[in-house]
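Have a look at the picture, then work through the points below.

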Amino acid sequence: MALRWDPRIMIRPPYVPCPACGESAFGTLSISNNHWIRRCRSCNHTGTTRLPSLQKRLIYVDQMVLSNIAKALDPVWRETRGEQDSFWVELFKGLERLVKMQLAVCVESPIHDQESAVTPYAATLRRLREYLSEKVEFHSPIVVLQHQLHNALRSVEANVPVTLDTYLGAGARDVTDGRLDQWADRLQISVNFARSGDDIESYRRSRDQAGNAMEHIWARWATQSGRRFQDWYDEERRSLYPTWTGLHRQHVLRMERYTYGTQRPEDMEDIINPGMAVMVVFGLLHHFKEAGCSVTQAHERLQTFFSSEAALQAPANDISSLLFAALARKAAAGQKKVPNRGTPNDINAISSYLPYCQALFVDDQFAGLLREKPLVTQLQRYGASVYSNNSRDAFLTFLKQVESDAPPDHVARVIEVYGEDWLTSFDSILADERARRAPRNT
Ligand SMILES: [Zn+2]
């Protein structure tokens, strides 16, 4: 018997009386590009309503938050844990409510992806992230910095003063993928793609390398008790040029060895995937040559730009330098505890994404650093609120505030479009995900 597919299953509640035939069968067919398309299950009458435009709040929660939520909601992960902290379920429900109300998204990032890939719960964490982000994802930190530098260079070349708005351009829209300010469709189709073992190995390696480098730098900072905050800060922000051109030079040497057939095995990864910093340097050199520079002149222009305030003040470079300097100050003051392996990733995430977010939930260590002077004053201009475990109740209050700030008819509109049960929490999401991935018995 041939299976017949009934297209009416695509028409979902809520059902209201059809304007054409009067049957209570006029339901939602799809929500896309801020258009709400309804169709009648009885007579096929179709109507389109334009939904009001949205300005969703951007929230960034770090990997620790996602892991804690997943540990509470995933039945397998929960088994491995002792006593539960009910806060994480409460937090999930608070975030989920705003996301479903189309008032906020918890933006995903490639950092989440990498941090999850090295755990046994990568698929679980991905499901959770996709649900809370509605698949809005930040570009990688280096692409965000590149974007800010590119905006700055364009202004410099046009003799226009570089301001904060110059760097940020059109804001989050420029540095995210996904439908940021659109009403979401109700069906979240999640495609599971398995990461190769090589990818995971490479994440683990770069995470370890960054962690080792951190320990090394920490030991050096510990000997620098005579230094001022400003000294570390200047050193960090000025490392942009030597770091990036150093990587570029290494890559050029490896390519030369490859050309002459004298490459070393360790050259190959870089040759296949030179990394974004190298590509950015290539791009800028190309840009200067196109403008009529010789090779030597192009390198000089690169150095001039990378050493200029226009480049150094790019938010991603500036914030990461502030954070490194704040850590250096701790080390020099005698703090014995070396920050953990995830620290470089945390710094990358905060410095790249903070300027685009209304709120961040990070670990206590970083929330503490961000409250110290001069960071707290320097970062005020971005207007982002920073929360952590220590201020967990304030974060829940913030979430409630976002809801009360919404226009008065907003909730009614959400229920009209998505249905009465839409705002019921889907806290079985990770149990369902387990069931979905389990081998079918029939
Ligand atoms: Zn009808």
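This is a predicted model: local features need pLDDT of at least 70, side-chain atom pairs count only at pLDDT 80 or more; totals for chains, interfaces and linings use all residues.

Residues are numbered from 1 along each chain as its sequence is written, and side-chain values use heavy atoms, with hydrogens and water left out. Helices (H or I, at least four residues) and strands (E, at least two) are DSSP runs, numbered from the N terminus.

**The zinc site**

- Four cysteines hold the zinc ion through their SG atoms: Cys18, Cys21, Cys40 and Cys43, at 2.3 to 2.4 Å.
- Donors here are N, O and S atoms within 2.8 Å of the metal (3.2 Å for Na, K and Ca); water is not among the atoms, so sites may look incomplete.
- Angles between the four donor atoms run from 104 to 117 degrees, which makes the arrangement tetrahedral (four donors count as that if all angles lie between 85 and 135 degrees).
- Along the sequence, the donor residues follow the spacing C-x2-C-x18-C-x2-C.
- Cys18 sits in the loop between β1 (12-17) and β2 (24-32), and Cys43 in the loop between β3 (35-40) and β4 (46-50), so the pair ties together parts that are 25 residues apart in sequence.

**How helices pack**

- Two packed helices are described by the angle between their axes and the distance between the axes. The axes are lines fitted to C-alpha atoms, for helices over the stretch in contact, and angles run from 0 to 180 degrees between N-to-C directions.
- Helix α8 (residues 197-222) and helix α15 (residues 315-332) have axes that come within 7 Å and cross at roughly 55 degrees. That makes α8 oblique to α15; angles under 35 degrees count as roughly parallel, over 145 as roughly antiparallel, 65 to 115 as roughly perpendicular and the rest as oblique.
- On the α8 side, Met214, Trp218, Trp221 and Ala222 make the contact (heavy atoms within 4.5 Å), and their partners in α15 include Phe324 and Leu327.
- Sorted by class, the contact of α8 with α15 has nine nonpolar, no polar and one charged residues. Ala, Val, Leu, Ile, Met, Phe, Trp, Tyr, Cys and Pro count as nonpolar, Asp, Glu, Lys and Arg as charged, and the others, Gly among them, as polar.
- Helix α4 (residues 110-117) also packs on α8, at an angle of about 100 degrees with the axes 9 Å apart. α4 and α8 are therefore roughly perpendicular to each other.
- Asp113, Gln114, Glu115 and Ala117 of α4 meet Ile200, Tyr203 and Arg207 of α8. This contact of α4 with α8 has three nonpolar, one polar and three charged residues.

**A loop contact**

- Leu423 lies in the loop between α20 (410-418) and α21 (429-437).
- Leu423 is 322 residues from Met101 in sequence, but their C-alpha atoms are 7.6 Å apart.

- Most residues other than glycine have a negative phi, and most peptide bonds are trans.
- Pro13 and Pro14 are joined by a cis peptide bond, with omega about 5 degrees, and Pro14 belongs to strand β1.
- Another cis bond links Lys373 and Pro374, with omega about 5 degrees.
- Asn44 is not a glycine, yet has a positive phi of about 75 degrees; Asn44 is in the loop between β3 and β4.

Definitions and conventions: Four donors count as tetrahedral if all angles lie between 85 and 135 degrees; four count as square planar and six as octahedral if opposite donors are over 155 degrees apart and all others between 65 and 115; anything else is irregular.
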